Amino acid sequence: MSATNTRIRILEDSFDPAAMSAEMTASNITRSTTGSTTRSTTGSHTESTTGSSTENNTHGALVTFTGMVRDLVENPVNAMLLEHYPGMTERALEAIIHKARERWTLGDINITHRVGMLYPGEPIVFVGVSSAHRREAFEACQFLMDYLKIEAPFWKKEFTPDGEHWVEAKSSDTDAAGRW
Amino acid sequence: MIKVLFFAQIRERLNCAQVDISTDKPSTAPSTIAELKTLLAQRGDLWRLMFAEQQVLSAINKVMSTNDSPIQAGDEVAFFPPVTGG
């Protein structure tokens, strides 16, 4: 059995999705068997490792998704505030990851989500999934995003030239998760 | 005591992040999410209107709950709008 890493990060500072992707590629090459849970002042960071490290390089596919703050002509946004429910957020993401691991045979999973004030172009969310083959990784990445959208307790408030308003939940997001 | 938290636009509209509900008198302590909503709705028009709306979700001890879910002393209950992360 190969080792699998799960990382959940809730960050108050901007992050680099390329670094997250590189970290997952590196994890496939050199693997640690020690699991740990740490909480830092910049947010929370949960990490767990299961399995043994006897097999490395077993994941042939890595699919990553990065969601970013948009600033559209028809919907201009100066800034966005991301609020969450500390403690429940991590539990909800762990539950979603558990569902994905029951459904597909997956390697490493990294979900990173920003909270606090964000500006157009900045990454909001990163989801990375590795697996033996691409199909599982592609499907699981979409599954994780679809469920994050409807089950993880985050709320967005947009600051626009016309004022500030909370973003309304979209029924299309519920439909997207419903297809699984 | 039941700790009750409010998030996002619900917190802003109620101008309240947390209330503590006493459970000292078992006869008046709410035993379900629905009963807690009824109790909170008595705090004023803003509160009554808020809980009359369908789109108030709830969690008990950081797990999603429904109107029928039982609550007891020591629980942390949260009310929030549909989530919009990602």
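Okay, let's start with a term: a salt bridge is a side-chain nitrogen of Lys or Arg within 4 Å of a carboxyl oxygen of Asp or Glu. Keep that in your head, and look at Arg135(A) and Glu139(A), whose side chains meet in a salt bridge at 3.3 Å, N to O. These two residues are 4 apart in helix α3 of chain A, so about one helical turn separates them. Glu139(A) is partly exposed, with a relative accessible area of 25%.

Before I go on, a reminder that what we're looking at is a predicted model.

Let me step back to chain A as a whole. It has 4 helices and 10 strands. Reading from the N terminus, the order of the elements is β-α-β-β-β-β-α-β-β-β-α-β-β-α. Chain A has 180 residues, and 48% of them count as buried. Now take the contacts in chain A with a separation of 6 or more: 79% of them come from residues 24 or more positions apart.

Back to salt bridges, then. How many does the structure hold over all chains? The count is 12. One of them joins Glu151(A) and Lys99(A), with the closest N and O atoms 3.2 Å apart. Here Glu151(A) sits in helix α3 and Lys99(A) in helix α2 of chain A, so the pair ties together parts that are 52 residues apart in sequence. Glu151(A) is partly exposed at 28% relative accessible area, and Lys99(A) is partly exposed, also with a value of 28%.

Another salt bridge links Arg179(A) with Asp146(A), and there the closest N and O atoms are 2.7 Å apart. Arg179(A) is in the segment after α4 (171-178), while Asp146(A) is in helix α3, so this pair ties together parts 33 residues apart in sequence. Is Asp146(A) buried or exposed? Asp146(A) counts as buried, at 12% relative accessibility. There's also a network of salt bridges that links Arg7(A), Arg9(A) and Glu23(A).

A quick stop at Ser27(A), which you'll find in helix α1 (residues 17-29) of chain A. Ser27(A) is buried, with a relative accessible area of 7%. Its side chain makes a polar contact with the side chain of Asn5(A) at 3.2 Å, and another with the side chain of Asp108(A) at 2.7 Å. If you leave aside neighbours within four places in sequence, Asn5(A) and Asp108(A) are what Ser27(A) is in contact with.

Okay, on to where the two chains meet. On this interface, 25 residues of chain A are in contact with 20 residues of chain B. The area buried between the chains is about 1800 Å², and carbon and sulfur atoms give 59% of that. Which residues of chain A lose the most area to chain B? They're Tyr85(A), Trp155(A) and Trp166(A), together 36% of what that side buries.

Across the interface there are 14 residue pairs in polar contact, as well as 2 salt bridges. On the chain A side, elements that give two or more residues are β5 (79-84), α2 (88-103), β8 (123-131), α3 (134-151) and β9 (154-160). Of these, α3(A) gives the most, with 5 residues. Sorted by class, that side of chain A has 15 nonpolar, 3 polar and 7 charged residues.

Let's zoom in on Trp166(A), in strand β10 (residues 163-166). Trp166(A) is buried, with a relative accessible area of 11%. Its side chain makes a polar contact of 2.9 Å with the side chain of Glu12(B). Beyond its sequence neighbours within four places, Trp166(A) touches several residues, including Glu83(A), Trp155(A), Ala8(B) and Arg11(B). And two of those partners pair up themselves: the side chains of Glu83(A) and Arg11(B) meet in a salt bridge at 2.5 Å, N to O.

Glu76(B) is buried, at 13% relative accessible area.

Last thing, the cysteines. A disulfide is a covalent bond between the sulfur atoms of two cysteines. A search of the whole structure finds 0 of them over all chains. As for individual cysteines, Cys141(A) counts as buried at 4% relative accessibility, and Cys16(B) counts as buried at 14%. That's it from me!

How values were computed: Residues are numbered from 1 along each chain as its sequence is written. Chains are lettered from A and ligands numbered from 1 in the order in which they are written. This is a predicted model: local features need pLDDT of at least 70, side-chain atom pairs count only at pLDDT 80 or more; totals for chains, interfaces and linings use all residues. Side-chain values use heavy atoms; hydrogens and water are left out. Buried means under 20% relative accessible area, exposed over 50%, partly exposed in between (1.4 Å probe, protein chains only). Contact means heavy atoms within 4.5 Å. A polar contact is a pair of N or O atoms within 3.5 Å; within protein, one must be able to donate a hydrogen and the other to accept it, and residues adjacent in sequence count only if both atoms are side-chain atoms. Buried area is the accessible area (1.4 Å probe) that two parts lose on being put together, summed over both. Ala, Val, Leu, Ile, Met, Phe, Trp, Tyr, Cys and Pro count as nonpolar, Asp, Glu, Lys and Arg as charged, and the others, Gly among them, as polar. A disulfide is a pair of cysteine sulfur atoms within 2.5 Å.
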